[in-house]
Structure formats: structure tokens, C-alpha cells
Amino acid sequence: MPTIKCILSITNVIFVAFLTLTLWTTSLQSADYICPSGWSHFSSNCYFLDANRMTWDDALKTCQGYDAWIAEITSDAEQSFITTHVAPGINFWIDCRDTVLEGTWRCGNDDHPITFTNWNEGEPNNYLNNEDCIKVDSTSLWNDYPCTALLSASVCKKAATRSGSKVFKKDSSNPGYCLRNNVIEEIDQSTLINCGGRCLMTEDCASINYFPRRDRCQLNSVIKAEVADSDYFKSSDCEYFDILS
């Protein structure tokens, strides 16, 4: 096993969280925020599609169970992201209702005024005086709709987690040597940035093994300096990163 050296330079330090990633990837809009597994990231928020049939009230309870709220769409960009990446071609509930005063749409748990709309032609029309919630249809346009109707899905939204005090250092002194016997989680179909973000959100994670050709990630409970040579293995498709505080 080669001697482990600590080499810290501009070419092998990777910043995660509040700093822009240059050595990892530029495919994400921002590296300042991370989301739970299964959630999609846009701007400073995380989004999740719950594809169960439910009323608006049931959708709210479901989202609250995720420590979230029914998604309030506040811009064209957010509308496009949700209907393209989170819920393409699906009818789903979003936030904002006019249950208190017809035509006065209020949103969130503080009942603030609606700030953005994408109504379909002729909507909202309060058909049969019974449409106080908002449905996004398969064409991505909005309709007012009975709150007690069953829709096929709901989109939940919550603020992303920020963890800008940590960085990752790639071990360039011993390329291909990764850890074994201390893996606490394996994640398939993972980008490097998602692997690092998952590590930052996992209390016991101290380092990562990343396999770029397989898009595979391993979270380790220790760093190389803490283990014996027998805990290393060499693979041409493995990159090892320590967390630095």
C-alpha cells in the first residue's frame, strides 16, 4: 500500500454546499443546497411528487408528513421546472385556495396573497360554485377545482438544506485506493455531487468512495488515516474523498 500523503491544492479540493463546484460538475443549477434522497432540487427548494390519489386536504397532510407544504408555484421558471422534471404530464394539486373569499387566492400557512398564476383560458370559473383549490392539468395549465376531488398526485415543497462549512478533498496521492469494511451506505445511479451531498446529510459519514464509470457511491464511517492497510482496496474506477471541516 503506498504511503498516504495529505496534498491540499487548488486541483484536489472540491467545495460542496455554499461554493460553486468546478471539479465535480456544473450540471446542477447551484451547489449551495442539498435535498433528501428522492427529492428534486431547484433554486433553494426541494420538490417531491407523491403519486397517490388524494384530495387537497389529504395532499396537505401528506406534505406535512414530509416536513413540507403543498408546492406554491411563484414563477415561470419554477412552473417549468416542476412540470418538466417533477411531474411531467400529470394532474396534481398545488398550494393556494379561495375558500374564504371567492376570487381572492391565499397561499401557505400564513394565507399570503398569490403572486403568480398560470390559468388556462376561461379559468378560474368556480364551476357550480364549488372550485376553491388549484389543479395543474396535463398541459401544465391551471384550473380551479373542487378541493374534495381526487387527483392523481400532489407536489410537495420545502427549503433545501444548507451545509456550507465543509469541503471534500480528493486523495490524489494514492489514486484508485478506496476504503472497504467501513461502508455504511451504497447508492446506485448517483452523481458525485449527490454523493457528497448525501454524505453531508448523514451523521456518521466521514468520507466517500465514488465510482464514476458506474455512477455508484459509497459512504464511509471513517477516513483513511483512521484504518489499517487491510481496509484499503485498489480499483481503477474508484475515487476517494475525505471531508474537511
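I began with contacts (heavy atoms within 4.5 Å): among those in the protein between residues at least 6 apart in sequence, 67% join residues at least 24 apart. I note that this is a predicted model, in which local features need pLDDT of at least 70 and side-chain atom pairs count only at pLDDT 80 or more, while totals for chains, interfaces and linings use all residues. Residues are numbered from 1 along each chain as its sequence is written, and side-chain values use heavy atoms, with hydrogens and water left out.

I then looked up the elements, which are DSSP runs numbered from the N terminus (helices H or I, at least four residues; strands E, at least two), and found 3 helices and 17 strands.

Next I took helix α1, residues 56-65, where Trp56, Ala59, Leu60 and Cys63 are buried, that is, under 20% relative accessible area with a 1.4 Å probe and protein chains only, against over 50% for exposed and partly exposed in between. Seen down the axis of α1, these buried residues fall within an arc of 100 degrees, so they line one face of the helix; the arc is that of the directions from the helix axis to the C-beta atoms. On the other side of α1, I found Lys61 and Gly65 exposed. The cover over the buried residues of α1 includes β4, β5, β8 and β10.

Last, I noted that Asp67, which follows α1, has a positive phi near 60 degrees.
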